[in-house]
Amino acid sequence: MYTQRVLIKVGTNVISNRANRIMRPVLRNLVRQIAALYERDVMCALVSSGSIISGMEVLGKIESANETQRRQVYSATGQPRLMRLYYDLFEEYGMKCAQVLPTKRDFEAGAHRDIMVQCLEGLLDAGVVPVVNEDDATSVTRSMFHDNDELASLMAELLNVDRLIILTDAEGLFDGHPRKEGSKLIAEVEAHADHSDYIEASGKGEAEGRGGMGSKLRFAQRAASLGIPTHIVGGKADNAILDIIDGKSVGTLVKAVTLPQNA
């Protein structure tokens, strides 16, 4: 039985390059670290963006009636391809993964939520890594997540994880633009602090995604306010995830609020 439960979120800009192609070495490095943690009795779940980029790589430029249809076509084409990449990589390390495609309505109290929890808990107990992504092919406005950062924060709460790690293309939260000389990495922030000035300087990012540093910090703070330590870190570093689990200072830690114990 595992001793810790960790949720990892990886963004589109981490696993793709400027040519909008999936970078397999980055995926391999991610899976390698998850497999290493599994051997240490740390079980991970993964929220992974990338289905749209994966579909673009296959289909190239397509003509669609509107932007929503374009995203649907790319996602529906790219999601099975992305999962095949993950499946093959996990298999190389003797592990299994499974696909979970929720919409926002699945997190509302009721049968949908209960069934999803049952599935996720069963996968984790069986040592299978859930790979979670929004179901872009069927989501409509009212049932869409703001982005996968929101999905990650909801999953972290749902699974009551010990830690949430958000992998991005920046090293963390800076006090200015990350590429501007003199900008400094902020090692720790509070769950309820206002860092809007820093966010404005950070830029949007996530080329084909909907997120940016503002979104990452917002939902990281949400998770931290629920008692979940949350890290925003560079996702292309060789051992960022392992370093966090080993207690090293990496990226930006959003410190968890200490919640009152139930009587």
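1. Which residues have the most contacts inside the largest nonpolar core? They are Leu 7, Ile 8, Leu 30, Tyr 86, Phe 90 and Met 155, and this core has 77 residues. A nonpolar core is a set of buried Ala, Val, Leu, Ile, Met, Phe, Trp, Tyr and Cys residues joined through side-chain atoms within 4.5 Å. Buried means under 20% relative accessible area, with a 1.4 Å probe and protein chains only.

2. The model is predicted: local features need pLDDT of at least 70, side-chain atom pairs count only at pLDDT 80 or more, and totals for chains, interfaces and linings use all residues. Residues are numbered from 1 along each chain as its sequence is written, and side-chain values use heavy atoms, leaving out hydrogens and water.

3. The protein has nine helices and eight strands, taken as DSSP runs (helices H or I, at least four residues; strands E, at least two) numbered from the N terminus. Its radius of gyration is 18 Å, close to the 18 Å that the globule rule gives for 263 residues, so the protein is as compact as a globular protein of that length. The radius is taken over C-alpha atoms, and the rule is 2.2 Å times the number of residues to the power 0.38.

4. Of the 263 residues, 52% count as buried. Leu 7 touches, among others, Ala 45, Val 47, Met 155 and Ile 165, where contact means heavy atoms within 4.5 Å.

5. In helix 3 (residues 51-59), seven of the nine residues are buried, including Ile 52, Ile 53 and Met 56. The buried residues of helix 3 pack against helix 1 (12-15) and helix 4 (67-92).

Key: Buried < 20%, exposed > 50% of the residue type's maximum accessible area, 1.4 Å probe, protein only. Lists of a residue's contacts leave out its neighbours within four places in sequence.
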